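Keep the viewer open as you read.

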Amino acid sequence: SDMAGLCVRSVLVTGANRGIGLGLVRQFLGMPNPPEWVFAACRDPKGQRAQELQNLASRHPNLVIIPLEVTDPASIKAAAARVGEQLGGSGLNLLINNAGIAKMNSLDNETLENMMQVYTTNTVGPLLLSQACLPLLKKAAQGSLGSALSCSKAAIINMSSSAGSIEEVYLWNYGHVVSYRCSKAALNMLTKCQSLGYRQHGVLCVALHPGWVQTDMGSAGSQKPPVTVDESVQGMLKVLSSLTEKETGTFLDWEGKVVPW
């Protein structure tokens with residue numbers, strides 16, 4: 001009922017085969033008024049790690065699994081083209097850039113390779129996929145009533161982390177993860193840039209901190225994260241349903257609170 005305000009005809013979620021991405025796909029499919037199309041992108045749709053997605057797809061004809069390697073520009077173009085084909089003449093309402101990686105290195109062990117790989121996935125990937133999907137997002141915005149920005153019209157949601165907040169440096173003692181933190185701080189700047197560049201096209205852009213969530217990635221250390229995937233995802237969808245012009249270019253958490261840059 002919280003998500004009644006979120007009325008999207010189409011959504012694309014990256015990193016959709018597990019964790020938060022899979023949780024988002026599940027929640028979209030379970031809505032009382034689900035999207036006409038839910039595009040779930042992951043690296044290896046036919047592989048073992050996408051088994052749960054495949055099971056969902058066999059029960060939900062509106063779920064389309066798309067192969068996507070976010071570090072590969074050709075794969076990004078192909079994925080956007082597949083989404084466009086499936087949508088026919090209509091646009092894409094919601095792009096959720098959720099795919100991400102982390103390397104659990106300490107500050108002293110950080111390497112060029114790690115820095116580049118994590119940045120390429122977590123920051124460059126969302127940049128390039130947003131570029132590739134922009135024509136579809138514009139089309140959705142043009143086809144929607146009214147001029148006010150909202151997620152039901154057209155939006156890019158970048159899955160960030162308060163680990164990338166320069167003020168909070170969330171969980172520093174739990175893990176330095178410098179490459180991850182830098183990539184998320186950069187993703188936050190990208191979100192701000194996109195909000196300024198894409199506002200004229202009617203596209204809302206927000207960076208979201210999902211909380212410290214019980215996923216493979218979140219649970220890499222010794223402590224158990226406090227937030228379940230379902231809690232996080234339900235919270236985020238509630239936040240998405242309430243976003244307006246005022247929030248474009250901001251950094252919010254799964255409960256709708258502002259996270260300091």
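Strand 4, residues 94-97, is covered on both faces. Leu94 and Ile96 sit on one side, Leu95 and Asn97 on the other, and all of them are buried, meaning under 20% relative accessible area, while exposed is over 50% and partly exposed lies in between (1.4 Å probe, protein chains only). Strands here are DSSP runs of E with at least two residues, helices are runs of H or I with at least four, and both are numbered from the N terminus.

A word on the ground rules: this is a predicted model, where local features need pLDDT of at least 70 and side-chain atom pairs count only at pLDDT 80 or more, while totals for chains, interfaces and linings use all residues. Residues are numbered from 1 along each chain as its sequence is written, and side-chain values use heavy atoms, with hydrogens and water left out.

So who are the neighbours of strand 4? Two strands pair if DSSP finds at least two bridges between them. Strand 1 (residues 10-14) pairs with strand 4 in the parallel sense over three bridges, and valine 13 has isoleucine 96 as its bridge partner.

Now follow the chain from strand 4 through helix 4 (residues 112-142) to strand 5: together they make a right-handed β-α-β unit. Right-handed means that, with the strands pointing away from the viewer, the path from the first strand over the helix to the second runs clockwise.

Next, the aromatic rings. Rings of Phe, Tyr and Trp (its six-membered ring) pair if their centres lie within 6.5 Å; planes under 30 degrees apart are stacked, over 60 edge-to-face, and the rest tilted. The structure holds three such pairs. One of them joins tyrosine 174 and tryptophan 212 edge-to-face, at 4.7 Å centre to centre and 65° between the planes. These partners are 38 residues apart, with tyrosine 174 in the loop between strand 5 and helix 5 and tryptophan 212 in the loop between strand 6 and helix 6. Tyrosine 174 is partly exposed at 22% relative accessibility, whereas tryptophan 212 is buried at 12%.

Finally, how many disulfides are there, counting cysteine sulfur atoms within 2.5 Å? The count is zero. For cysteine 42, the nearest cysteine sulfur, that of cysteine 133, is 15 Å away, and cysteine 42 is buried at 3%.

Methods
Disulfide = S-S within 2.5 Å.
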